[in-house]
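Visitor: I have a structure to look at and would like to go through it with you. Could we take it one topic at a time?

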Amino acid sequence: MAHSFTQEYFQIPVVTRAYTTACILTTAAVQLEVITPFQLYFNPDLIIRRYQIWRLITSFLFFGSLGFSFVFNIIFLYRYCRMLEEGCFRGRTADFIFMFLFGGIVMTLFGLFANVFFLGQALIIMLVYVWSRRHPLVRMNFFGLLNFQAPFLPWVLMGFSLLLGNSIMVDLLGISVGHMYYFLEDVFPNQPGGRKLLMTPELLRTVFDRPEDPDQHHLREQQEEPQN
């Protein structure tokens with residue numbers, strides 16, 4: 001059984017596996033009182049004045065104590081992160097990591113001006129938004145109550161947060177950043193006079209992507225060219 005679990009675990013795509021594991025371990029550490037949420041939350045003053053740089057990362061790893069909210073977020077994180085990584089980002093680990101970096105940096109900049117302490121949920125909403133826009137014809141069912149097409153999913157999740165009495169600031173942040181990425185990556189390059197603005201650094205490709213033969217490289221370049 002242990003061998004089967006290990007085998008299944010390592011079949012999860014690397015980015016999904018690493019991020020989901022980090023979120024679960026962070027929550028476990030809080031539950032075991034090894035660390036506290038006060039050591040994790042996003043605080044620009046502590047980051048700048050006391051050099052607590054780790055908060056730039058840990059603010060994306062904590063979804064609250066064990067409970068419904070944590071389970072809900074982990075399920076959505078695992079599901080949509082994996083579907084993106086195995087779908088439109090298959091064989092493009094560097095591009096997927098670059099999307100995470102783009103989202104994380106933009107959300108952090110927004111966080112400087114908004115009263116947001118944890119950014120992980122916004123990152124999940126961003127993943128959901130990008131997936132939903134790239135699969136516009138998929139029919140969704142939310143808890144057996146609502147039927148709708150995929151592009152409405154981020155807005156349904158925001159409405160659900162509102163019903164639970166949570167602030168929708170984080171949801172709006174995730175939707176906004178997700179739309180920025182989608183527009184810059186999928187829409188603008190295909191407009192007349194448009195071009196690709198988000199370029200994955202070659203360093204990331206060297207580290208995370210397997211070497212391509214010339215035919216595969218040419219095919220990837222053709223896929224990334226704007227369609228007129």
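Visitor: How many salt bridges does a search of the whole structure find?
Guide: Please note that this is a predicted model. A search of the whole structure finds 8 salt bridges.

Visitor: Why would side chains pair up like that?
Guide: Side chains of opposite charge can pair when their charged atoms come close.

Visitor: Which side chain does Arg-49 meet in a salt bridge?
Guide: Arg-49 meets the side chain of Asp-45, with 2.5 Å from N to O. Both residues belong to helix α3, which covers residues 44–49, and because they are 4 residues apart there, about one helical turn separates them.

Visitor: Why does that spacing matter for direction?
Guide: An α-helix has 3.6 residues a turn, so residues three or four places apart point the same way.

Visitor: Which residues are linked in a network of salt bridges?
Guide: The network links Arg-92, Asp-95, Glu-202, Arg-205 and Asp-209. Within it, the side chains of Arg-205 and Asp-209 meet at 3.8 Å, N to O.

Visitor: Are Arg-205 and Asp-209 buried or exposed?
Guide: Both Arg-205 and Asp-209 are buried.

Visitor: New topic: cavities. How many of 30 Å³ or more are there?
Guide: The structure holds 1 cavity of that kind. The space in the largest cavity is about 60 Å³.

Visitor: What lines the largest cavity?
Guide: Its lining consists of 11 residues, and those nearest the centre are Asp-95, Glu-185, Lys-196, Leu-198 and Thr-200. Two elements, α6 (93–111) and α9 (169–187), each give two or more residues to this lining. Asp-95 also belongs to the salt-bridge network described above.

Visitor: How far does α6 reach?
Guide: Helix α6 has 19 residues and reaches 27 Å from its first C-alpha to its last, which is close to the 27 Å expected at 1.5 Å a residue.

Visitor: Why is α6 described as largely enclosed?
Guide: The reason is that 15 of the 19 residues of α6 are buried, so the rest of the structure largely encloses this helix. Ala-94 is placed in α6, and Ala-94 is buried with a relative accessible area of 0%.

Visitor: What about α5? Which of its residues are buried?
Guide: Helix α5 covers residues 68–86. Its buried residues include Phe-70, Phe-72, Ile-74, Phe-76 and Leu-77, and Asn-73, Arg-82 and Glu-85 are also among them.

Visitor: Finally, which residues make the nonpolar surface patch?
Guide: Phe-68, Phe-143, Leu-145, Leu-146 and Leu-164 make a nonpolar surface patch of about 570 Å².

Visitor: Where is Phe-143 found?
Guide: Phe-143 is in the loop between β1 (139–142) and β2 (146–149). Phe-143 is exposed, with a relative accessible area of 52%.

How values were computed: Residues numbered from 1 in each chain as written. Predicted model: local features only at pLDDT ≥ 70, side-chain atom pairs only at ≥ 80, totals over all residues. Heavy atoms only, no water. Patch = residues over 30% accessible without salt bridge, like charges linked within 9 Å, V, L, I, M, F, W, Y side chains within 5 Å. Areas by Shrake-Rupley, 256 points an atom, 1.4 Å probe, with all protein chains shown as cover. Salt bridge = Lys/Arg side-chain N within 4 Å of Asp/Glu carboxyl O. Buried < 20%, exposed > 50% of the residue type's maximum accessible area, 1.4 Å probe, protein only. Expected span 1.5 Å × (residues − 1). 1 Å grid on protein atoms, 1.4 Å probe; cavity = no way out; pocket = protein on both sides within 12 Å on 5 of 7 lines; lining within 4 Å. Points joined across faces, edges and corners; volume = space filled by probe spheres on them.
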